[in-house]
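Student: Could you walk me through reading a few features of a protein model, one at a time?
Tutor: Gladly; let us look at it together.

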Amino acid sequence: MSRHSQVKEASALQARLEALNTARELAEGILPETTLDSVYGVLERASSRRSLSAGHTVVGFFGATGSGKSSLFNAVAVTNIATAAARRPTTSEPLAGIWGSEGSGPLLDWLEVRQRHALGEVPGLAAEDTGLILLDLPDFDSTRAENRQIVQRMVGMVDVLVWVLDPQKYADAAVHNDFLRPLASHGAVTLVVLNQIDKLAAGDTAAVLESLRGILARDGLGQVQVLGASALEGTGVDAVRAAIRRVVVQREAVTQRLAADVAKAAEELGSASGEGAASGAGSAAKARLTKELATAANVHVVVEAVGRSYKRESVRRTGWPLTRWLLRFRPDPLRRLNLGRDDTKAELNRTSLPPAGAPERARTDAAVRDFADSASQGAPGPWRASIRGVARDGRDQLPDALDQAIAGTDLRASRRSWWWPVFNTAQWLSLLLALGGVGWLGVLAVLGYLQMPVPEVPRVEGWPVPTLMIAGGVLLGIVLAIVGRLIAGAAARMRAAQAGKRLRAAVARVAESRIVEPVELEISRLASFNAALKAARAK
């Protein structure tokens, strides 16, 4: 493999590792901790392995008791260190055969391999500058728990896995279910050797190897190289050496192993998450949410109060001056709700609207639930639950937030209408006209009572002017009052409608901040997770 290709592969692996870590971080609190911990373990091992010697390839020999694993190790390495180091029928701790000791120490320390042997050149396998580390490991079916733990750990750490099977137990469910099948994505760094073929009849070897390949195919390892060998007779040992050498010389094993780990971890995340993307919050769903929240928050009560308050104020300012003072005994509808006051800071204000009862709470709950269900449509189960969860969290804050929003909305209740001073002036003029007529007639009556000369009263069409002044003033006041009420009614409806728009906009802002934004953030989180997971899976 060329230096340029190695750099390219390493860069691609780095990108996939970063994507996997991003997906893991995004899934925190949503996917099971066991899955996230497993992924974190992959990332941690990858970081550690990449920081150690890139010039060494670690090849581990795995096998069951009686498979001849250590014997095959010795045969391949042309040594007897595995046999010499083992004081019992099975290997009790990892043992390393090293070609190229320089730089191997930290790597072996990380692997926790204490038994280390520098070996000489083996034609067809390795020389001093090859950078190969062969590990003879404990049996995976050992009765000692610590031995099984070592094997489990090494399965996740070595660069290349060589599985040594024997004709008697090559189909054993333990090795296939516990090790080979879970590592189906690691086919590029896996080699399977059927050892002890000398125990088979000459015509049975090919059939047994074919049977083994069929089982491996069902495990998802149909492309794995399967070799037959006999450590005792040396049959096929050269082929095993050649297969290992090819992997080492290509210098791809470390990257391929880590890439396979990333792929497996990404699949675990994908399985835990599920496939799919949320449909998102549409404008219609947001509008329905705002409408339901506005109803539950009694916005209609405030809107009606705005209309009634405006009509009351209009009559107070434009009605007949002699009767308008009676309105002082009728409370302002807005002030009864603790609204419309200019002397109170909005941010410190609270309304006196009736607290949300069971029907309002049920309506709020249903509105939030329907919105979350609509927005999370299509999302995988865990993410849909998370989206619903953030919506529920926001729902608990809604009553107080909505009350503050209504209290803080400028209802423009104190704004004066342009026609009020016009009608007010006209009303006072009509009253003065009527009072002038009354005063005139009063003076005439006093003069007559005192037997003093009474001047002639001007007439218009036979009607005394003072009488006309009284009648005209009263009639004008009545007409102005009627017209004023009609104008006030129309203006009240308009002002109430404007207040309704502002109140609904305030409710929409609350819905946006408490419900919509958290939901959209969670949906965006899912989208980012899916994108990161896709990048981590990319090959």
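Predicted model: local features only at pLDDT ≥ 70, side-chain atom pairs only at ≥ 80, totals over all residues.

Student: Let me start with helix H14. How many Å should its residues span, and what is the distance between its end C-alpha atoms?

Tutor: Each residue counts for 1.5 Å, so the 18 residues of H14 (residues 358-375) should span 26 Å. The end C-alpha atoms are 26 Å apart, in agreement with that.

Student: Which residues of H14 are buried?

Tutor: First the general idea: an α-helix has 3.6 residues a turn, so residues three or four places apart point the same way. In H14 the buried residues are Thr364, Ala367, Val368, Phe371, Ala372 and Ala375. Because they cover an arc of only 125 degrees around the axis, they lie on the same side of H14.

Student: And what do the buried residues of H14 pack against?

Tutor: Their partners are helices H11 (283-296), H15 (381-395), H16 (398-408) and H18 (465-537).

Student: Which residues are buried in helix H7?

Tutor: In H7 (residues 173-180), they are Val175, His176, Phe179 and Leu180. Their arc around the axis is only 110 degrees, so they sit on the same side of H7. The cover over them includes helix H6 (145-155), strand E5 (160-165) and helix H8 (205-218).

Student: Now a loop residue. Is Thr351 buried or exposed?

Tutor: For this we need the cut-off: buried means under 20% relative accessible area. Thr351 has 11%, so Thr351 counts as buried. Thr351 belongs to the loop between helix H13 (333-336) and H14.

Student: What is Thr351 in contact with, leaving aside its neighbours within four places in sequence?

Tutor: Its contacts are Leu337, Asn338, Leu339, Asp403, Ile406 and Ala407. Take Ala407: Thr351 and Ala407 are 56 residues apart in sequence, yet their C-alpha atoms are 5.6 Å apart in space.

Student: Last, the backbone. What is phi of Glu112, and what is phi of Glu461?

Tutor: Phi of Glu112 is near 60 degrees, a positive value in a residue other than glycine. Glu112 lies in the loop between helix H5 (104-111) and strand E3 (115-118). For Glu461, phi is near 55 degrees, again positive in a residue other than glycine. Glu461 is in the loop between E8 and strand E9 (463-464), and is exposed, with a relative accessible area of 76%.

Key
Residues numbered from 1 in each chain as written. Heavy atoms only, no water. Helix = DSSP H or I, 4+ residues; strand = E, 2+ residues; numbered from the N terminus. Expected span 1.5 Å × (residues − 1). Buried < 20%, exposed > 50% of the residue type's maximum accessible area, 1.4 Å probe, protein only. Arc of directions from axis to C-beta. Contact = heavy atoms within 4.5 Å.
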